[in-house]
Amino acid sequence: MAQRIDIKDLNVYYGSFLAVEGVTMAIEPRSVTALIGPSGCGKSTFLRTLNRMHEVIPGARVEGSLTMDGVDLYGSDVDPVAVRRQVGMVFQRPNPFPTMSIAENVLAGIRLNNRRISKSDARDVVEQSLVGANLWNEVKDRLDRPGSSLSGGQQQRLCIARAIAVKPQVLLMDEPASALDPISTLAIEDLIAELKDDYTIVIVTHNMQQAARVSDRTAFFNIGGTGQPGRLIEMDDTRTMFSTPTEKSTEDYISGRFG
Amino acid sequence: MATLEQSAEPRSDRPTTRELLTRGDTRRKATDRVMAVVVTLAFVVALIPLLSLSWTVLSNGIGRLSPYFLSVSMRGVFGGMDAGGIYHAILGTVLVTGVAALISVPIGIMTAIYLVEYGTGPLARAVTFFVDVMTGIPSIVAGLFAYSLFSLFLGPGVRFGVVGSVALSVLMIPVVVRSCEEMLRLVPNELREAAYALGVPKWLAILKVVVRTAIAGIVTGVMLAVARVIGETAPLLVTVGVIDSINTNVFEGRMMTLPVYVFRQYAQGLVPCADGATDCIATINIDRAWAAALTLILIVMLLNLAARMISKFFAPRTGH
């Protein structure tokens, strides 16, 4: 189910502006990779290249190679829509569809694609996904209530349930807990720890403790200055990164001396 | 130590906290009162014509309005006869406006989708510019345009329902585009991204997320556009003409419409009744005009009510 992603010499452009330069890294399957770094260093942009979401912005393009299980994600015969079915995404702010109920939100990936599904299958998908997102017990009695009736933390778990309902190989999370309170954050972090048994997870976070708690490997991005591209400074096992980083700037950032 | 002494013995020229908090800005308070009066007056002034109009139409029109009036045409009615109705005009208005909506709503919504979801660069700017220009077209010009367009193919003197619908569409499309564009822009980008991230193709995301989320506003916008054109008189006079009997075929023959009916009846004016004639009402034409005007207002109100109900039904659920 989970897949490995290899990135080699990746440059990301918005029009003629080089946003991220020369990223080479390997994202291991069934593990959590955390991307940390100061604001504007390109970690979210880089994350969005992993499922070609950045292409939503006109003029965005990449150079270099990005392969999942040996297949070039930017190959000419690769459909970006198909990539996004395999590489799901959870956003910073919970964004359940306001016109849909809790159950419909979970089934959104199926229903919005006009795929037919029997009622019993739909029930199974809803239950499995909500159980997978640790939300089932809280919402099982009100599945037909609007998704927006839930609290922020529950909405975010609903969005995770929605993302895993389409059974992706990889799950990208763009600061999934930054809009949530500490208790909801803890729930999301526990969930990430469970999900990594089945999925390859890449998470962007501004919270260093969170990166240390949830991730197996950590990548530190930094930026030379305004208008300059973001770069991958170093990447290693999370424990090594937080105890004995090789680069001086990583140590400065992690210990809170800047950023 | 120095600060302690200072706070224990405040300098006499410095106002106390009580003074600072209670000594209100008298000038601000006066301005506030004046502005409150001005704003309320403006509201009342805006309301006077509306109430006066409603009252005039209601009091003049209610006498003639009856199930009979709504269910017969003007066929065979002449002079001061206590007879005749607006059935043919209601049908004509509903058909001509309905066909106009059928033409303009798809074009308008799709144009709005193009502008919001796809349009970039000179083409989108040109479309926006021409939509703005179209908003300002005088209705009689729209009527002449439709008339001359059909005359090119079908010869001069052509008059039937669809010609009027095309004229109304010219007036309606920009209104639909503008209101739908506003509504589509209100849909948060996060919802589009959420749909894309689930592997939903762009067209399905637009159809099932963006349009679905905005549908309540779109319905309201379409209804406003219908209300905008349903009372148009001049273009229909040119393109659809005048007739006294029922015609339900929008592709052939003249049709009566409510605004044109009102105009016609009022233009005919008082009937010269013979002295002592019991079956002759001198003001019959004017009475019919008022009753038809009242019916037109009621139809617009019903449409608005229906739009409200539809948009309430489709509105995103908030959970309370």
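I take the radius of gyration over C-alpha atoms, and the globule rule as 2.2 Å times the number of residues to the power 0.38.

**Basis.** I worked from a predicted model, in which local features need pLDDT of at least 70, side-chain atom pairs count only at pLDDT 80 or more, and totals for chains, interfaces and linings use all residues. Residues are numbered from 1 along each chain as its sequence is written, and chains are lettered from A and ligands numbered from 1 in the order in which they are written.

**Chain B, overall form.** I looked up the radius of gyration of chain B and found 29 Å, whereas a compact globule of 320 residues would have a value near 20 Å. The C-alpha trace of chain B spans about 105 × 65 × 40 Å along its principal axes. I counted 13 helices and zero strands in chain B; helices (H or I, at least four residues) and strands (E, at least two) are DSSP runs, numbered from the N terminus. I noted that 36% of the 320 residues of chain B count as buried. Here buried means 20 or more other C-beta atoms within 10 Å of the residue's own, exposed means 12 or fewer, and partly exposed lies in between, with C-beta atoms placed from the backbone.

**Chain A, overall form.** I found 11 helices and 10 strands in chain A. The radius of gyration of chain A is 18 Å, close to the 18 Å from the globule rule for 259 residues, so chain A is as compact as a globular protein of that length. The C-alpha atoms of chain A fill a box of roughly 55 × 45 × 30 Å along the principal axes. Of the 259 residues of chain A, 49% count as buried.

**Backbone of chain A.** I checked phi, since most residues other than glycine have a negative phi. A:Asp9 has a positive phi near 50°. This residue is found in strand β1 (residues 5–14) and is exposed, with 12 other C-beta atoms within 10 Å. A:Arg30 also has a positive phi, of about 50°. A:Arg30 lies in the loop between β2 (17–27) and β3 (32–36) and counts as partly exposed, with 16 C-beta neighbours inside 10 Å.

**Contact between the chains.** I recorded 27 residues from chain A and 21 residues from chain B in the contact; two residues are in contact if their C-beta atoms, placed from the backbone, lie within 7 Å. On the side of chain A, the elements giving two or more residues are α2 (80–86), β6 (87–90) and α4 (108–111). The largest share, four residues, comes from α2(A).
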